[in-house]
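Here is a short briefing on one structure. Have the sequence and the 3D view open as you read.

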Amino acid sequence: MKLRALGLIALLALAGCDSPRSEAAPAIGCAGGEIAGQGSSAQANAVSAWIRNYQVSCADATVEYASVGSGAGLAAFIGGTGDFAGTDSPLSTEDRPKADARCAGGPAIHLPMVAGPIALAYNVAGAGDLRLAPDTVARIFTGRITSWNDPEIARDNPGESLPATPIRTVHRSDSSGTTDNFTKFLAATAAADWPHGSGSAWPAPGGLAQKGSNRVVSTIERSDGAIGYVEASYARFHHLPTAAVGNAAGEFVALTDAAAGRMVGGAKITGTGGDLQLAIDYRSGTTGAYPLVLVTYEVVCKTGAKPLVKSFLAYASSPAGQQAATRLGYAPLPDALRDRVAQAVAAL
Amino acid sequence: MHYLGGVPAVLEATRSFTRRATRPETPARLRLWVAATIATAATLLLTLSLLMARAQEQVRIIGDEAAPQAATAADLYFALSDLDAQVARMVLTAGDDDLAGSQIDALGTYQERSRQVDADVQQALATATDRAAVAELATHLAVYRERVWQTLTAGDAAAGYYTQATNVLHLDLLPAAQDLRDRSTERLSDAYARKSATEAWAVTLAVVLGAALVILLFALQVWLARRFRRVLSPALLAATVLTAAVVVPAVAVLLTQSATLSAARDDSLAPFLALSQARAISYDAAADTSRFLISDNLAYYDDDFQRKSACLVTGSACDVPGGLPAVTGGPDVSPFGRDQVLTRWQAYQKDHERIVGLARGGKNEEAVGALTGIRRGDASFDFAYFDAAVDDIASARSAAFGQALRDSKTLLAGWSWIPVAGLGLVIVLIPPAVRRRFAEYR
């Protein structure tokens, strides 16, 4: 066996060739112990994939995550029953001092961990590539535009022949980060047509209310003329068409990971001292940016975090972790932001 | 036809040439030496370059056709098994808001496997002899997808449609995939056998003709030295060295690449295919846990799980002789790695038994939670943990075979023209070596 191997090496050397060897996947730097997190359901699928991959690689680690919603997750973190919290919205001014107090040794910080583009999924006869400006979206969801052949929709879609089908809007009946970010977008970009402000509970009258993205997407699938907002993964996996949304640069941009990444990449970091809280400016004129995005954070203590929290989040923010989330329909963080997150995790 | 003295002219010319060549005079002897040496060199050149080219082509056929076909057929069987497992997950989690994440994950995986099946079927269509079998499989696949569509849109009647879907899979699709896998494995064995035959001929002829040429060149050198009192002919010496420099590496290359590819088949490809089979069975067995819950605790699916699990653990009554310990064993796997696969499967087996117990005790919600959860001790995580251990071994084997194939191709690269260049030069060197000796007799 050894002689054969030596012969092979000698002959390959004579042939003057370097045999390419496959590169091993980067190993996860494991830590042991048990940690628990709670929070946002919008990031639950990504966190589940990270937990599964991490635990498979790290036999001595147990990580649990309860998808209880952002508010309950932050409450658990503040109450000391969670090692980290998943949230779609940053800590409020009211919760911030409580979270800092819980951390004792240092402040609580936000780590953007995954971006979730929000899709406007629809089911309209003959409409394959619908384009919608923010004010049109606001008028649709407030019930002021009631038919797909409305002149305002036609204005966004010149040359397209749209049917007279009545519009059926579908929204979430439960409290959700997706609703919060969708209404924030409308409040920022179409204030004149969207008088309802923003929040986790759907504020406008009318429309079909459904609990959870799964039911929203099922309702759109079976309703002619329906349109609703859902996390991109649900629209993708159900093969529903999604609208190109108008941005502040005056473009209609289709939903892609790259376009969502441009929007997140254009966000300003408003946190300080390792806190990476972002302010997404829906009115910024970043060209090629898909404006409807949701960034979900992990909230952790800047100092005194358990080694397993640090190791787990290091994996989540690594290219491999982001890739695992992308497979589930999330958009990976732009490289520059991901690097900042990785540095912040390393400094925990 | 021309005749000379009653004998055909051609025959007479041949006889005359032979008489002249075999005359005991020195020029005639010299002509005979030269003719025999050049003829041997030319035969060696032709034989070696043609057989080397043939060996190259046969390695290409193994690497680009036979082995990928076998891997594709194995992958098809695996992808079909997992396809049905994902449908079972979707049925089980449908309508449960708390399990929406699990359902979307199952839907995404179903679509991924579906694309994998389509790609495998398309690749299998490239094999002319399999087209009828693939067409039949595609028909079953269409029926299966119709049943899946009915299952996923049937609401409360999903269980009935799913029974039909999984029946189509187990009674029609998987046997058809098994047939394709057997055919492709047979073709792979044939390709190896043809390559071995070519190598045996190439090595034998290279050794026999190479040795003959070296002996002729050496003998010519000795004969010239004695007859013409010359110490050494540099051209003949160069031709002798060149012959050895072509034949010895050629034989070494043939033997080494043959050993490399045979070892790759025995140590990497065959174990990889056997492991793929066991992996497909494990996916199908894991789906039985879901099927048991979907069917409202039908004992048939628990029995089926036990049968498949026994196959995996001990290799009894199935296509995986020796079970997981056998297909994960080998020089490429550490005892720890091998034991991990079996231990992790046994952990899933316990999960299955716990889930069946919960369901039989009327705790359906808990049973579904234990099935879909990702905590250690939950079936979904424990199966992923088991599969990761299998995947490590399968990936290493696949990479090792690919590497061996690249090494073989690298070794054989250029060997269809190296004999032409080397032995062509030998042929060119012989006339200058004897030209002056012929001149002495003019």
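Helices (H or I, at least four residues) and strands (E, at least two) are DSSP runs, numbered from the N terminus. Just after H7(B), Gly315(B) takes a positive phi of about 80°. This is a predicted model: local features need pLDDT of at least 70, side-chain atom pairs count only at pLDDT 80 or more, and totals for chains, interfaces and linings use all residues. Residues are numbered from 1 along each chain as its sequence is written, while chains are lettered from A and ligands numbered from 1 in the order in which they are written.

**Helix H7 of chain B**
- H7(B) covers residues 299–314, and its end C-alpha atoms are 22 Å apart.
- Buried residues (20 or more other C-beta atoms within 10 Å of their own, C-beta atoms placed from the backbone) include Tyr301(B), Phe305(B) and Leu312(B).
- The buried residues of H7(B) pack against H6, H8 and H9 of chain B.

**Contact between chains A and B**
- Chain B gives 28 residues and chain A gives 27; contact means C-beta atoms, placed from the backbone, within 7 Å.
- H11(B) supplies the largest share of chain B's side, ten residues.

**Sheet in chain A**
- Eight strands form an open, mixed sheet in the order E2-E1-E3-E13-E4-E8-E6-E7; strands pair if DSSP finds at least two bridges between them.
- The edge strands are E2(A) and E7(A).
- E6(A) and E7(A) run parallel, joined by three bridges.
- Val170(A) stands opposite Leu208(A) in E7(A).

Conventions. The expected span of a helix is 1.5 Å times one less than its number of residues. A residue is buried if 20 or more other C-beta atoms lie within 10 Å of its own, exposed if 12 or fewer, and partly exposed in between; C-beta atoms are placed from the backbone. Two residues are in contact if their C-beta atoms, placed from the backbone, lie within 7 Å.
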